[in-house]
Amino acid sequence: MPELGRIYWTRQGLRLAYSAVMVWLAVAVMSALMSKATPATGAGPSAAAGVLHSMVENVVAAVAFPGVAAVVLGIAAAVITGRDVRRRDPVRRFTRQQRREGMARAGGMCELEVGFGRRCGRPAEHGDHFYPWSKGGSTSLQNFVAACARCNRAKRARIPSPGQQQRMERRRREYQPPSSYVSVGERQTLP
């Protein structure tokens, strides 16, 4: 699945950009609050109101640009999530035949990786979507991965990295005959 790298890095970039904008927003608010307010002459409620009004103006001016950037990134994330929902396979569960073939292909062992890219050694209990169903992964034998309960829970609905995909295909070459299809991951097309 050649598009997996593009999808993965786009989402990672979006997460990183959103985190950076949130830090920028926090720093802007803190610097605006710490800046010296113009002292009002006199004493009493009108002087305190003037200082408070000045602080609010400073904060609003400081957060205007990072706030707009956060909204734009939020809209981009909403569009991506909406496309994922439209892309979902109408069938979520693997058929018995797909499950039987996928488990036989894996030799009844978990195919997901544990530390340092090694294959997990526990018996497989679940059939998992390599590319998550919730993100548009298809319910097909190419997207089927045998998984133990621990690895299945740990993976959750995360999109695997291109490196994970390559390591999975390399591991499959070790226990599959040379003529078999070792490619992993498949995504539904948009309707």
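A residue counts as buried when its relative accessible area is under 20%, as exposed when that value is over 50%, and as partly exposed in between. The model discussed here is a predicted one, and every value below is computed from it.

**Overall form**

The chain has five helices and two strands, and from the N terminus on these elements run in the order α-α-α-β-β-α-α. The radius of gyration is 25 Å, whereas a compact globule of 191 residues would have one near 16 Å; along its principal axes, the C-alpha trace spans about 85 × 40 × 25 Å. Of the 191 residues, 35% count as buried, and the chain exposes about 11600 Å², of which carbon and sulfur atoms supply 63%. Among the contacts with a separation of 6 or more, 72% are between residues 24 or more positions apart.

**Salt bridges**

| Pair | Closest N and O atoms |
|---|---|
| Arg-11 and Asp-84 | 2.6 Å |
| Glu-113 and Arg-171 | 3.2 Å |
| Asp-128 and Lys-155 | 3.5 Å |

Arg-11 forms its salt bridge with Asp-84 at 2.6 Å. Arg-11 lies in helix H1 (residues 3–34) and Asp-84 in helix H2, so the pair ties together parts that are 73 residues apart in sequence. Both of these residues, Arg-11 and Asp-84, are buried, and together with Arg-187 they are linked in a network of salt bridges.

In the second pair, Glu-113 forms a salt bridge with Arg-171. Because Glu-113 lies in the loop between helix H3 (96–106) and strand E1 (126–129), while Arg-171 lies in helix H5 (residues 162–175), this pair ties together parts that are 58 residues apart in sequence. Glu-113 has 21% relative accessibility and therefore counts as partly exposed, whereas Arg-171, with a relative accessible area of 7%, is buried.

Asp-128 lies in strand E1 and Lys-155 in helix H4 (residues 149–155), so the parts tied together here are 27 residues apart in sequence. At 10% relative accessibility Asp-128 counts as buried, and Lys-155, at 13% relative accessibility, counts as buried too because its value falls under the 20% limit.

**Arg-87, a buried charge without a salt bridge**

Which side chain of opposite charge is nearest to Arg-87, and how far away is it? Arg-87, placed in helix H2 (residues 45–87), is buried yet has no salt bridge, and the nearest side chain of opposite charge is that of Asp-84, 4.9 Å away.

A polar atom of the Arg-87 side chain lies 2.7 Å from the backbone oxygen of Gln-188. Not counting residues up to four places away in sequence, Arg-87 touches Lys-135, Gly-136, Arg-187, Gln-188, Thr-189 and Leu-190; one of these, Arg-187, belongs to the network of salt bridges that links it with Arg-11 and Asp-84.

Notes. Residues are numbered from 1 along each chain as its sequence is written. This is a predicted model: local features need pLDDT of at least 70, side-chain atom pairs count only at pLDDT 80 or more; totals for chains, interfaces and linings use all residues. Side-chain values use heavy atoms; hydrogens and water are left out. Helices (H or I, at least four residues) and strands (E, at least two) are DSSP runs, numbered from the N terminus. Buried means under 20% relative accessible area, exposed over 50%, partly exposed in between (1.4 Å probe, protein chains only). Lys and Arg count as positive and Asp and Glu as negative; His and the chain ends are not counted. A salt bridge is a side-chain nitrogen of Lys or Arg within 4 Å of a carboxyl oxygen of Asp or Glu. A polar contact is a pair of N or O atoms within 3.5 Å; within protein, one must be able to donate a hydrogen and the other to accept it, and residues adjacent in sequence count only if both atoms are side-chain atoms. Contact means heavy atoms within 4.5 Å. The radius of gyration is taken over C-alpha atoms; the globule rule is 2.2 Å times the number of residues to the power 0.38. Accessible areas come from the Shrake-Rupley method with a 1.4 Å probe; for residues, only the protein chains shown count as cover.
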